[in-house]
Amino acid sequence: MKLMVIAGARPNFMKIASIIDAIKMHNVSIENSTFNIQHLLVHTGQHYDDSMSEAFFRDLDLPKADIYLEVGSGSHAIQTAEIMKRFEPVILKHQPDVVIVVGDVNSTVASALVASKIEYPHPQSAIRNPHLPRRPLIAHVEAGLRSFDRTMPEEINRLLTDAISDFLFTTEEGANRNLLQEGIAKNKIFFVGNTMIDTLVRHREKAQQSEILEKLGLRNSQLKTQTSNPVPYGVLTLHRPSNVDNKETFQNILEALKEVAKDLPVIFSAHPRTINRIREFGFENYFDFPSQPLTLSPDSNAVRPNSSRLQPQSSKGVSSLASNLQPLACGLHCVEPLGYLDFLCLMSNSKLVLTDSGGMQEETTVLGIPCITLRENTERPVTITFGTNTLAGIQKEQIISAALSALRKYDSVSPNTVFNTQHSILSTQHSLCPPLWDGQAGQRIIQILVNSLWS
Ligand code: UD1
Ligand code: UDP
């Protein structure tokens with residue numbers, strides 16, 4: 001069986017890592033090589049900065065992509081069309097039995113659309129099984145999530161991808177209901193769990209070895225041990241166009257965040273879209289380092305201004321971060337996007353996460369860290385019913401009140417548990433894990449594909 005796995009944007013890499021691991025495990029476990037799975041990894045190039053792409057291949061030990069489409073950025077139409085144009089000859093050349101797409105980004109819908117309309121002259125799968133179509137089967141991992149907000153580009157991508165997929169692998173039971181309501185046949189829907197959480201489960205111990213807390217001045221490097229306390233801090237990410245592309249909305253959110261950051265340092269890992277908007281709208285003064293986000297020097301603990309992408313203007317404030325003997329002050333501290341292990345370490349040890357990310361709502365649920373979601377809706381309701389997620393909306397007063405209330409609740413739990421023993425947090429929160437978020441989703445997916453194609 002030949003599987004083609006597609007990835008293109010940051011959150012895709014965590015999701016495919018578990019599937020690729022599961023393929024390797026399958027190949028090791030079988031005795032008869034006839035049942036070997038060949039896989040090809042296609043990287044569309046939707047995200048291309050080292051910190052948005054290669055960094056994850058290194059952290060997750062992902063194999064180098066077999067095919068790199070190098071599409072880069074563009075409007076939705078240009079990016080989607082460019083992926084389709086470049087993907088069509090690839091799929092025709094390799095003729096996979098199954099194309100696996102993950103998540104809800106433009107790379108997901110573009111590659112699924114190509115696969116749905118292609119026709120192979122002599123497909124191996126149809127020779128083996130005449131009931132199969134003369135094209136690859138399409139497997140969508142993370143199917144059925146719905147925000148019911150069609151102004152979100154991702155919602156359109158989800159709806160379209162699900163409508164043309166043959167295998168719909170879901171992360172939560174609500175997703176099955178959404179798909180059934182849309183008329184998708186029950187026998188195409190498989191509730192398997194969450195591949196992004198598989199990757200978290202596999203890497204959370206290793207992430208604790210990261211030195212990011214020391215580099216950011218959140219933990220004294222001279223005292224570093226597995227159990228030494230970092231200072232209390234929050235983590236922030238923002239990248240939804242609805243939050244950052246409109247000047248007034250973005251400013252409103254920043255006003256709220258500035259209030260929250262009066263009480264604790266907040267590390268803002270700034271997405272490239274958001275950096276562009278901060279500069280375009282002149283919002284640099286909301287941050288402690290008004291000229292540019294900071295990048296971590298690879299070979300020292302110092303934090304330096306990044307001169308490669310942004311014009312260096314002032315190095316004001318760098319010294320306080322660079323000095324890892326001084327605890328980081330309150331305020332919004334802007335850093336470039338972090339690698340997976342550093343970011344997982346940062347989230348796991350934080351007091352609070354504020355975000356509009358989809359994946360981070362799920363990760364904080366498993367880590368047991370309160371998550372304030374800066375959106376009016378979520379396509380991942382299980383993170384509210386089972387997890388630590390609070391939907392705060394985007395109004396200033398609501399954000400401040402949700403954040404302060406989460407911090408109060410958190411303080412009342414037990415600061416010692418929180419800061420001294422990460423493992424006890426993880427194990428306490430395990431009982432709250434949504435069903436099947438157990439690290440095995442990738443294996444379930446591969447088993448279902450194997451059974452379906454070889455039976
Ligand atoms: C995309 C996804 C979004 C996902 C997010 C994850 C779509 C429609 N959106 O949004 O669902 O949550 O990725 O991070 O697919 N840029 C760089 N370097 C990069 C990548 C992007 O500088 O490596 C800049 C470019 O100016 C680009 C902008 O960021 O125009 C936005 O990138 P794009 O991939 O279009 O959308 P995201 O906002 O990243
Ligand atoms: N992430 C990361 N470094 C960062 C910010 C996020 O490794 O600086 C990880 C995060 O832990 C999660 C994924 O990126 O695994 C989420 O991606 P993103 O928020 O870009 O996309 P979304 O989930 O909203 O689609």
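This is a predicted model: local features need pLDDT of at least 70, side-chain atom pairs count only at pLDDT 80 or more; totals for chains, interfaces and linings use all residues.
Residues are numbered from 1 along each chain as its sequence is written, while chains are lettered from A and ligands numbered from 1 in the order in which they are written.

Visitor: Which residues come nearest to ligand 2?
Guide: A residue is near if its C-beta atom, placed from the backbone, lies within 6 Å. There are 14 residues around ligand 2. Those that come nearest are P11, S269, F343, S357 and G359.

Visitor: Which helix gives the most to the shell around ligand 2?
Guide: Helices are DSSP runs (H or I, at least four residues), numbered from the N terminus. At least two shell residues each come from α1 (10-29), α14 (340-348) and α15 (358-367). With four residues, the top contributor is α15.

Visitor: How do the axes of α3 and α4 cross?
Guide: Axes are lines fitted to C-alpha atoms over the stretch in contact, with angles from 0 to 180 degrees between N-to-C directions. The axes of α3 (residues 76-94) and α4 (residues 106-117) come within 8 Å and cross at roughly 45 degrees. Angles under 35 degrees count as roughly parallel, over 145 as roughly antiparallel, 65 to 115 as roughly perpendicular and the rest as oblique. Therefore α3 is, relative to α4, oblique.

Visitor: Is the crossing of α3 and α4 left-handed or right-handed?
Guide: If the near helix is turned from the far one by less than a right angle, anticlockwise counts as left-handed and clockwise as right-handed. The crossing of α3 past α4 is right-handed.
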